[in-house]
Amino acid sequence: MKLELGEAPIGKVASLARIPIAFRVEQVLDVTRTENGQGGFVLIARPIPTPYLKDYDAIPGEGPTQWARHFDLSHWGFIEARVAGRLVGGAVIAFRTANIIMLEGREDLAVLWDIRVSPDSRGRGIGSALFRAAEAWALANGCRQLKVETQNINLPACRFYEHHRCALKTVNRFAYPGFPEEIRLLWSKDISSAH
Ligand SMILES: CC(C)(COP(=O)(O)OP(=O)(O)OC[C@H]1O[C@@H](n2cnc3c(N)ncnc32)[C@H](O)[C@@H]1OP(=O)(O)O)[C@@H](O)C(=O)NCCC(=O)NCCS
């Protein structure tokens, strides 16, 4: 497999919708704390009785075709991953965008807004290559930190961010009124040094 990574014009980001972001939820992660809260969070997998498919793009108003309607994308980054010319994954980095609260109004912080790999290409290191490219993009744009949001129902993504040495900073059990069973997890990675 010869993987090619490259930055694409942000105006083409809607093409990422061709890659399903959906994943099967068979286990969820219970969040606990260690050492009386002094030792950070621990995520413990728990199988669920009725597995289901979660598709963020199916939520009205969400997904790559919608972002340009809600945000000024002019400072965003879009990294494509291709194998033999076929788009197999992508990463989108949000940066310097006024109405994104996660950016905290900072210019030294970027948010990994989306990262996805085709279902048939997952588990082969493509997501990792995209993550490293997103880090490099943020670093090149003067950022010291990369933030990313996920949920406790997305075990692959949580394990993926742990693998990439992201630190779980914030846990919010009441963030999604439409999905009360989901816990919002905010991760952060210091990218001020070489990764
Ligand atoms: C999350 C995602 C991008 C990871 O991409 P990927 O190419 O499959 O990941 P990689 O092959 O680079 O995996 C790197 C490491 O992440 C962890 N990881 C990845 N998938 C995992 C899984 N299903 N279960 C447990 N750990 C996993 C492992 O530590 C893995 O290292 P290993 O292969 O040595 O075990 C991919 O699963 C995906 O597209 N998911 C759907 C979209 C999504 O949920 N995006 C994130 C939204 S917040």
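Predicted model: local features only at pLDDT ≥ 70, side-chain atom pairs only at ≥ 80, totals over all residues.
Biologist: Where do I start with the overall fold, and what secondary structure does the protein chain come to?

Modeller: Start with the elements and their order. The protein chain has three helices and nine strands. Along the sequence they follow the pattern β-β-β-α-β-β-β-α-β-α-β-β.

Biologist: Which residues of H3 are buried?

Modeller: The general idea comes first. An α-helix has 3.6 residues a turn, so residues three or four places apart point the same way. In H3 the buried residues are Leu155, Cys158 and Tyr161. Their arc around the axis is only 130 degrees, which puts them on the same side of H3.

Biologist: What covers the buried residues of H3?

Modeller: The cover includes strands E2 (23-33), E3 (41-54), E7 (145-151) and E9 (184-190).

Biologist: How many residues surround the ligand, and which are the closest?

Modeller: The shell has 20 residues, and the closest are Arg122, Gly127, Ser128, Pro156 and Arg159. Strand E6 (109-117), helix H2 (126-140) and helix H3 (155-163) are the elements that each give two or more residues to it. H3 provides the largest share, six residues. By class, nine residues of the shell are nonpolar, seven polar and four charged.

Biologist: Now the backbone angles. Where is Ala84 placed, and is it buried or exposed?

Modeller: Look at the angle, then the place, then the surroundings. Ala84 is a residue other than glycine with a positive phi, near 50 degrees. Its place is the loop between strand E4 (77-83) and strand E5 (86-94). Ala84 counts as exposed because it has 9 C-beta neighbours inside 10 Å, and the cut-off for exposed is 12 or fewer.

Biologist: What is the phi of Glu104, and where does Glu104 lie?

Modeller: Glu104 is not a glycine, yet its phi is positive, about 55 degrees. Glu104 lies in the loop between E5 and E6. With 12 other C-beta atoms within 10 Å, Glu104 is exposed.

Biologist: Which residue with a positive phi follows H3?

Modeller: Arg165 follows H3, and its phi is near 60 degrees.

Technical notes:
Residues numbered from 1 in each chain as written. Near = placed C-beta within 6 Å. Helix = DSSP H or I, 4+ residues; strand = E, 2+ residues; numbered from the N terminus. Nonpolar A, V, L, I, M, F, W, Y, C, P; charged D, E, K, R; others polar. Buried ≥ 20, exposed ≤ 12 C-beta atoms within 10 Å, placed from the backbone. Arc of directions from axis to C-beta. Contact = placed C-beta atoms within 7 Å.
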